[in-house]
Amino acid sequence: MAGETVLLYNCSGPQWAKLRQVLAVNKLHFRAGERAQYGLTLTQVLSGDTEEAGVEEEFSEPMLVFCGLTGAQLDRLLTAMRRAKLPPVPLKAVLTADNRTWTSQRLWQELRAEHEAMTQGSSIHQ
């Protein structure tokens, strides 16, 4: 498996060039999670598995998965992303022993549910 890597989902095109620059400046590798691989585990996607494993529900929101980064590296990267004024990416996760066997789709579903719960919770107190 690759060292410090960021899996990028739906982060292609010119508006994301600055993100790729920020990753390069921070000496981080990145790999695009392709739609045909949404049914593969995160470990398979990270390893570059070219197998196709479609899913019932595709997603188009940007999602980032931070793999093998130390806490300090992650803090530096998130700070650099804010300073670069990148488009917002609410769906972010760190690869863990628990989620490494999840599919990209399952991670997306979990992150989306968490984000919706946090967003709804914050609007209640306003």
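A salt bridge is a side-chain nitrogen of Lys or Arg within 4 Å of a carboxyl oxygen of Asp or Glu. The exercises below apply this and further definitions to a predicted model, in which local features need pLDDT of at least 70, side-chain atom pairs count only at pLDDT 80 or more, and totals for chains, interfaces and linings use all residues. Residues are numbered from 1 along each chain as its sequence is written, and side-chain values use heavy atoms, with hydrogens and water left out.

**Exercise 1. Salt bridges**

Solution. 

Step 1. In one of them, the side chains of Glu57 and Arg112 meet at 3.6 Å, N to O. This pair links distant parts of the chain, with Glu57 in the loop between α2 and β3 and Arg112 in helix α4, 55 residues apart. Helices (H or I, at least four residues) and strands (E, at least two) are DSSP runs, numbered from the N terminus.

Step 2. Accessibility is classed as buried under 20% relative accessible area, exposed over 50% and partly exposed in between (1.4 Å probe, protein chains only). Glu57 is partly exposed at 34%, and Arg112 is partly exposed at 27%.

Step 3. Contact means heavy atoms within 4.5 Å. Not counting residues up to four places away in sequence, Glu57 touches Gln105, Trp108, Gln109 and Arg112. By contrast, Glu57 and Leu28 are 29 residues apart in sequence and 30 Å apart in space, C-alpha to C-alpha.

Step 4. Arg35 forms a salt bridge with Glu58, the closest N and O atoms being 3.6 Å apart. Arg35 lies in the loop between β2 and α2 and Glu58 in the loop between α2 and β3, so this pair ties together parts that are 23 residues apart in sequence. Arg35 is partly exposed, with a relative accessible area of 39%, and Glu58 is partly exposed, with a relative accessible area of 46%.

**Exercise 2. The nonpolar cores**

Which residues of the largest nonpolar core touch the most other members?

Solution. 

Step 1. A nonpolar core is a set of buried Ala, Val, Leu, Ile, Met, Phe, Trp, Tyr and Cys residues joined through side-chain atoms within 4.5 Å. In soluble globular proteins, nonpolar side chains tend to be buried together.

Step 2. The largest nonpolar core has 19 residues, of which Leu7, Tyr9, Met63, Val65 and Leu107 touch the most other members. The elements that give two or more residues to this core are β1, α2 (42-46), β3 (63-67), β4 (91-94) and α4 (104-124). A second, separate core of 17 residues includes Cys11, Trp16, Val22 and Leu86.

Step 3. Leaving aside neighbours within four places in sequence, the contacts of Tyr9 include Gly33, Tyr38, Leu42, Val45, Phe59, Met63 and Val65.

Step 4. Tyr38 is found in the loop between β2 and α2 and counts as buried at 0% relative accessibility. Tyr38 and Thr103 are 65 residues apart in sequence and 6.3 Å apart in space, C-alpha to C-alpha.

**Exercise 3. The largest pocket**

Describe the lining of the largest pocket by element and by residue class.

Solution. 

Step 1. On a 1 Å grid over the protein atoms alone, a pocket is an open set of points where a 1.4 Å probe fits, with protein on both sides within 12 Å along at least five of seven lines; lining residues have an atom within 4 Å of a point. Grid points are joined across faces, edges and corners, and a volume is the space filled by probe spheres set on the points.

Step 2. The largest pocket holds about 170 Å³ of space. β1 (5-9) and β2 (29-33) are the elements that give two or more residues to its lining, and β2 supplies the largest share, three residues.

Step 3. Among the lining residues are Tyr9, Asn10, Cys11, Arg35 and Tyr38. The lining divides into six nonpolar, three polar and three charged residues, where Ala, Val, Leu, Ile, Met, Phe, Trp, Tyr, Cys and Pro count as nonpolar, Asp, Glu, Lys and Arg as charged, and the others, Gly among them, as polar.

**Exercise 4. Positive phi values**

Asn10 and Lys27 have a positive phi: is each buried or exposed?

Solution. 

Step 1. Asn10, in the loop between β1 and α1 (17-25), has a phi near 55°. Asn10 counts as buried, at 18% relative accessibility.

Step 2. Lys27, in the loop between α1 and β2, has a phi of about 55° although it is not a glycine. Lys27 counts as exposed, at 71% relative accessibility.
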